[in-house]
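Look over the sequence and the 3D view below. Then work through the briefing by topic.

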Amino acid sequence: MKTLTLDLSGIYTAVTPQSIQAWEEKSNQYQQQLHAGTGLGNDFLGWINLPCEISEEQLSSIEEAARGLQERCDYVVSIGIGGSYLGARAVIEALTPSFEAYQTKHTAPQVIFAGHNIGEDYLSELVAFLRDKRFGLINISKSGTTTEPAIAFRILKALLEEQVGREEARERIIAVTDKARGALRTLADKEGYKTFIIPDDIGGRFSVLTPVGLLPIAVAGFDIRELVRGAREMKALVDESVPFAENPSALYAAARNSLYQAGKKIEILGNFHPRLHYIGEWWKQLYGESEGKDHKGIFNASVDFSADLHSMGQWIQEGERSIFETIVSIAEPDTTLRIESDEANLDGLNYLAGKRVDEVNKMAELGVRVAHIDGGVPNIRIVLPKLDAYYIGQLFYFFEKAVGISGYMLEVNPFNQPGVEAYKKNMFALLEKPGFEADTEAIKARLK
Ligand code: PA5
């Protein structure tokens, strides 16, 4: 069986193998706490067994709902933010051919995302675009009260009802939310929308394998069973019973924390494959929101190579030496394209004639690795045999398990996000939301 592999050989200029090994006992203890539910944030551990607990019935009902939207819609807007957005986008972007949006015919509806910004132009352009299109909505919010998606939903629901009437709109709207709480639950029940439930014990950024991620991914025409299968197989490979030295999630967690203790406070996730951009965005949320607390935590950023080698590449190579990188590499691309010989050779590229474009890409990757290691940037490599749903499922679970262990190594609660509330309180106060009167007064006095 082919699997994701982890290569730590590029970090030993900054930390020793012994420093990684030194985490073994703690890692085992944290694994045990995660599985027994005895550590910090233990009310949000539903993701651990999720890949094995998703039933045939749940998968079938997601697929059936997806088919319903596929039949009725050419475009489906997936509305959500943070964990209610990034997982689905990461998978859809990773699996969709790069120029699919420019094709005139599609085999499945195009999934468009909204609710992750409050850009007036973005929303009005979306309204203008959808006005004469057959479209539907998936409204995703665990709390059911998040402002950004709520605004997008109000606007797009009105458009849809105006376009097809309330009855038909009801057939084209699905809500994914809490089983009982929140404005979205109330609204969905009142309007009679089909709903899917986000389990109480699964936080947003760990919810990609719930209907939060699976429904939009299925609507886009991708195989959610393969995604779940990949996660399930990775679960076995990073289980608490797997010895530390053979457990990629435990080793990645240990490597990150050793590097952090050695002064490497920034981690970039890099890729050499443009379709991985949103995997980087998903990872950034998973790690940043899980670990950045109590004034601790690695700062996570993501970069797309080669593009960013010609911008951030300078900083990475020669800026402050507080950075390490994790590269997600794809062993074999989906297609083959060779560089042809050219008689005139005016561009001087004949030395590459006969080579696959991917061979050049792989040499760029190797060249970067050596240059960065030489320049003081430790390099971790994660290799996926292919970019498909199965291996993305593996990658998701690998990163989820690692962040649980890593957060405990850092001695923070990796499953909450109290810091996200601060901006919301100020925004509500500034917008004079009922219930925030005292905050409104205080912020207005402060900003006078
Ligand atoms: O990881 C998280 O919990 C957050 O990023 C949430 O997913 C995000 O804030 C959206 O929340 P909700 O689904 O409640 O609208």
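How many of the 5 residues of strand β2 (residues 75–79) are buried? The count is 5 of the 5, so β2 is largely enclosed by the rest of the structure. Buried means under 20% relative accessible area, exposed means over 50%, and partly exposed lies in between (1.4 Å probe, protein chains only). This is a predicted model, where local features need pLDDT of at least 70, side-chain atom pairs count only at pLDDT 80 or more, and totals for chains, interfaces and linings use all residues. Residues are numbered from 1 along each chain as its sequence is written, and side-chain values use heavy atoms, with hydrogens and water left out.

**Strand β2 and its side chains**
- In a regular strand, side chains alternate between the two faces of the sheet.
- Tyr75, Val77 and Ile79 point one way from β2.
- Val76 and Ser78 point the other way.
- Strands (E, at least two residues) and helices (H or I, at least four) are DSSP runs, numbered from the N terminus.

**Partners of β2**
- β2 pairs in the parallel sense with strand β3 (residues 110–114) over 5 bridges; two strands pair if DSSP finds at least two bridges between them.
- Valine 77 stands opposite isoleucine 112 in β3.
- β2 also runs parallel to strand β4 (residues 135–141), joined by 5 bridges.
- Isoleucine 79 has asparagine 139 in β4 as its bridge partner.

**Helix α7**
- Isoleucine 155 sits in helix α7 (residues 147–171).
- Isoleucine 155 counts as partly exposed because its relative accessibility is 35%.
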